[in-house]
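The following exercises concern a single protein chain. Each task is followed by a solution in steps.

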Amino acid sequence: MSVYLKTVEGNRRQSTQTLLQEIYAAMARGERDFEIDACGQHDIGGPLWSPDGELKFTVRNPGQRLGSMAMAGTTIVVEGSAPADTGWLNSGGEIIVKGDSGDTTAHCAASGRIYIGGRVGTRSGSLMKHDPAYDAPELWVLKTTGSFSFEFMGGGTAVVCGVDAEPAESVLGDRACVGMVGGTVYFRGHADGIAATVRVFELVDADRKFLGDNLAVFLHKIDRGELQSELEDWSQWHEIIPLSYQEREQTGRVTVGMAEFRRNHWIPGGIFGNIYPDDGRVVNLVNRGDDRLRTPEWLNAVFMAPCEANCPAGIPSQTRFNLLREGKLEEAYRLILEYTPFPGSVCGAVCPNLCMEGCSRCTIDRPTDIKGLGRMSTFVNLTLPPIDSHHRIAVIGAGAGGLTAAWLLRLRGFDVTVFERDDRIGGKLVQAVSRERLDTATVTAEIDRIKNAGIHFKLNTAINAAGLQELQEQFDYVVLAIGAYRAKIPPWEGRERIIPYLDFLRRVNAGQRPEIGRKVVVIGCGNSGMDVVFGAYACGAEQVTAIDIQQPAAFAREIARAQSLGAQLRWPVATEKITADGVVLQDGTLLEADTVFCCIGETPVLAPLLPDYPTERGYLKIPEDGRIGPKLFAVGDMTRLGLLAAAIGAARNAVLRLTAECRNEPYAPRPRLRIPAERLALGYFSAVDTTETAERPEQDCHRCISCGTCRDCEMCLRTCPEHAITRTVNAAAGTFEYVSDPELCLGCGICAGVCPCGIWTMRDDPTPEAETPRHTTGPINPTEIQ
């Protein structure tokens with residue numbers, strides 16, 4: 001009993017992949033007979049192998065490549081016609097099509113039999129071949145073929161019966177048997193345009209016996225037995241076989257060799273002369289030097305690793321892990337300070353670590369511990385260059401963005417002064433982030449590192465528009481980083497009852513315990529909302545409810561911590577008004593509260609500083625480079641509310657641009673080219689037990705794939721078959737480079753194939769050498785920071 005498979009239900013068509021998976025599953029259950037109502041699905045019937053030796057498919061309306069690579073023991077019957085590539089690379093199957101078949105039927109067939117009960121399209125039977133270890137392939141066609149049939153045929157037998165052909169019609173189409181070097185073609189009727197390198201014969205006894213023995217079988221297969229007597233008039237039949245090489249030589253049909261053509265037939269300035277002048281040099285199949293079709297490039301650090309590309313601050317964690325792997329611990333821990341002064345507070349604590357979300361190890365086991373690696377740099381210090389007072393830079397605002405700008409400017413030797421309206425530096429990182437998320441020792445150590453860097457601080461100093469004008473006259477550049485501290489509060493009735501949450505958090509982090517009552521409602525379930533929840537419980541609240549109109553945006557670990565303290569999170573709920581009793585929701589529910597906080601975001605207070613500058617949704621509208629004046633840059637939350645890492649990244653970009661201008665150097669930011677995943681050879685890396693390294697993030701250097709940056713594994717060096725690759729070292733700079741010798745390299749691409757990090761790349765030649773970027777790897781010199 002056959003298995004019936006229907007591929008269309010209503011207006012839904014089953015995909016080819018799904019159909020083939022159903023067939024494989026049925027075969028695994030022992031099924032061997034299939035009836036398929038197809039809808040253009042391709043590759044039905046092959047290649048499949050049955051331990052029983054027999055498979056049968058009855059198909060209606062198949063797609064392309066029916067019976068492609070069908071194996072011995074497979075029988076395919078099509079009730080009707082079939083499209084192109086039927087029996088392509090047939091490897092022993094029996095394929096019966098009771099109607100027409102499309103182009104390239106039996107293309108490259110190597111064994112088996114194909115029976116067509118109608119016409120076949122162009123190039124059918126082309127490249128048929130015969131391996132003497134197997135039975136020769138056969139193609140039987142009831143009617144006619146399209147043009148270029150049996151092109152480059154090398155073996156097997158084809159039979160074209162010419163049924164229903166017009167008297168003057170060529171049953172083989174036009175230009176049949178071009179390039180034919182083996183096999184036999186039988187045809188009945190008239191044929192024109194047959195290649196001159198074959199010969200047409202009348203049938204002999206052996207031919208008539210072959211046709212007589214097999215014609216009845218063919219007609220029976222396609223249900224046309226009534227034609228047997230008509231087709232057995234052998235006087236209408238002919239045989240085609242190719243000329244032997246000797247026969248072609250005698251008749252002048254041998255193709256002119258390339259050497260003779262170039263010596264005697266090439267016409268300088270002729271049809272190709274203006275495209276490629278022939279210098280007479282012969283290029284071999286295996287080439288070196290300029291004759292290679294492809295050349296390898298060591299594109300080290302051209303592409304960003306996913307961790308670096310995901311990081312808003314662009315921190316190259318893969319480089320830090322490489323340094324750790326080389327045993328250069330201090331260099332690895334110092335490197336991050338060239339991107340941020342807050343590796344422990346931000347990277348190691350409050351950041352959501354988008355770098356780890358993008359880590360390529362996620363597809364193998366778990367991401368490398370970049371968060372833990374950040375904490376390793378908390379107490380590290382750098383040797384700072386002397387201050388060059390020729391360039392004086394002012395920074396307004398001492399939050400994460402402003403302090404990052406000040407720190408990075410100081411690393412480059414600039415004379416930096418920071419103006420802050422508050423009585424201490426650190427912004428939200430110090431004043432608003434709960435110590436549940438960021439411990440005091442970490443943030444204090446990193447603030448102290450900045451304080452001790454030789455940066456001038458002017459505290460309790462608010463800058464207005466007039467003051468900004470004065471600073472632009474006194475300093476070479478000014479960086480604005482005033483942040484966003486005005487809480488967003490919708491125009492609810494009773495909004496005046498809401499307590500400013502930033503002031504509350506500032507007091508809590510200063511060690512105070514404001515009176516807030518027993519019951520607290522927090523509107524907004526982002527990370528700031530969770531900070532308020534933590535602060536409320538620290539101040540003695542007994543019941544804290546956090547609500548949001550959408551799914552909470554806080555990190556999962558912060559939500560879990562809030563719930564462990566007893567907080568209730570409710571969403572989606574909408575606030576109607578605030579009363580003396582608490583928060584009334586739009587559905588009429590009253591959430592009792594002694595104190596209500598609203599934590600749904602903040603906007604900057606821009607009017608006193610930039611009264612005439614355009615804004616967008618309450619934030620400063622800035623161009624992509626952050627420049628809002630000839631010597632004025634703006635960064636951080638005053639331009640858009642975002643992650644602390646985003647403010648750090650914006651500050652660094654401004655510093656890079658500003659530094660290039662001060663030094664009269666071209667500004668060339670690193671292109672943010674994320675390495676394509678397909679360039680990485682992840683098969684070299686296996687899942688490992690990370691239990692032992694959980695408290696030692698520096699050990700994760702051995703798990704890091706080093707995407708886009710050479711990990712110096714020497715895989716290319718050891719596998720190059722021509723020994724064309726060498727490793728060169730610049731001892732003074734502490735860098736290395738892998739170089740391919742063009743006089744030895746074949747352009748085979750093995751180096752690119754084995755490179756686990758996606759460094760080696762095969763370039764199509766010719767390309768000017770000047771266009772090839774050249775990169776070395778090794779420690780970064782702080783005096784050469786961008």
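**Exercise 1: Two helix pairs**

The axes of helix H12 (residues 400-411) and helix H19 (644-662) come within 8 Å and cross at roughly 35°. The model is predicted: local features need pLDDT of at least 70, side-chain atom pairs count only at pLDDT 80 or more, and totals for chains, interfaces and linings use all residues. Residues are numbered from 1 along each chain as its sequence is written, and side-chain values use heavy atoms, with hydrogens and water left out.

Task: Determine the handedness of the crossing of H12 with H19 and the residues that meet there.

Solution. Step 1: axes are lines fitted to C-alpha atoms, for helices over the stretch in contact, and angles run from 0 to 180 degrees between N-to-C directions. Helices (H or I, at least four residues) and strands (E, at least two) are DSSP runs, numbered from the N terminus.

Step 1: H12 passes H19 in a right-handed crossing. A crossing is right-handed if the near helix is turned clockwise from the far one by less than a right angle, and left-handed if anticlockwise.

Step 2: on the H12 side, Ala-400, Gly-401, Thr-404, Ala-405, Leu-408 and Leu-409 take part, and they meet Leu-644, Ala-647, Ile-648, Ala-651, Arg-652, Val-655 and Leu-658 of H19. The contact (heavy atoms within 4.5 Å) comprises 10 nonpolar, 2 polar and 1 charged residues. Ala, Val, Leu, Ile, Met, Phe, Trp, Tyr, Cys and Pro count as nonpolar, Asp, Glu, Lys and Arg as charged, and the others, Gly among them, as polar.

Task: Describe how helix H16 (residues 501-509) and helix H17 (residues 527-538) cross.

Solution. Step 1: their axes come within 10 Å and cross at roughly 50°. H16 and H17 are therefore oblique to each other (angles under 35 degrees count as roughly parallel, over 145 as roughly antiparallel, 65 to 115 as roughly perpendicular and the rest as oblique).

Step 1: H16 passes H17 in a left-handed crossing. Tyr-501, Phe-504, Leu-505 and Val-508 of H16 make the contact with Ser-528, Asp-531, Val-532, Gly-535 and Ala-536 of H17. These residues divide into 6 nonpolar, 2 polar and 1 charged.

**Exercise 2: Residues in loops**

Task: Is Thr-144 buried or exposed?

Solution. Step 1: Thr-144 is found in the loop between strand S9 (138-141) and strand S10 (154-160).

Step 1: its relative accessible area is 4%, so Thr-144 is buried (buried means under 20% relative accessible area, exposed over 50%, partly exposed in between, with a 1.4 Å probe and protein chains only).

Step 2: beyond its neighbours within four places in sequence, the contacts of Thr-144 include Gly-118, Arg-119, Val-160 and Glu-169.

Task: Which residues other than glycine have a positive phi, and where do they lie?

Solution. Step 1: Leu-127 has a positive phi of about 60° and is found in the loop between strand S8 (111-116) and S9. At 37% relative accessibility, Leu-127 counts as partly exposed.

Step 1: phi of Asp-712 is near 60°, and Asp-712 lies in the loop between H19 and helix H20 (715-719). At 25% relative accessibility, Asp-712 also counts as partly exposed.
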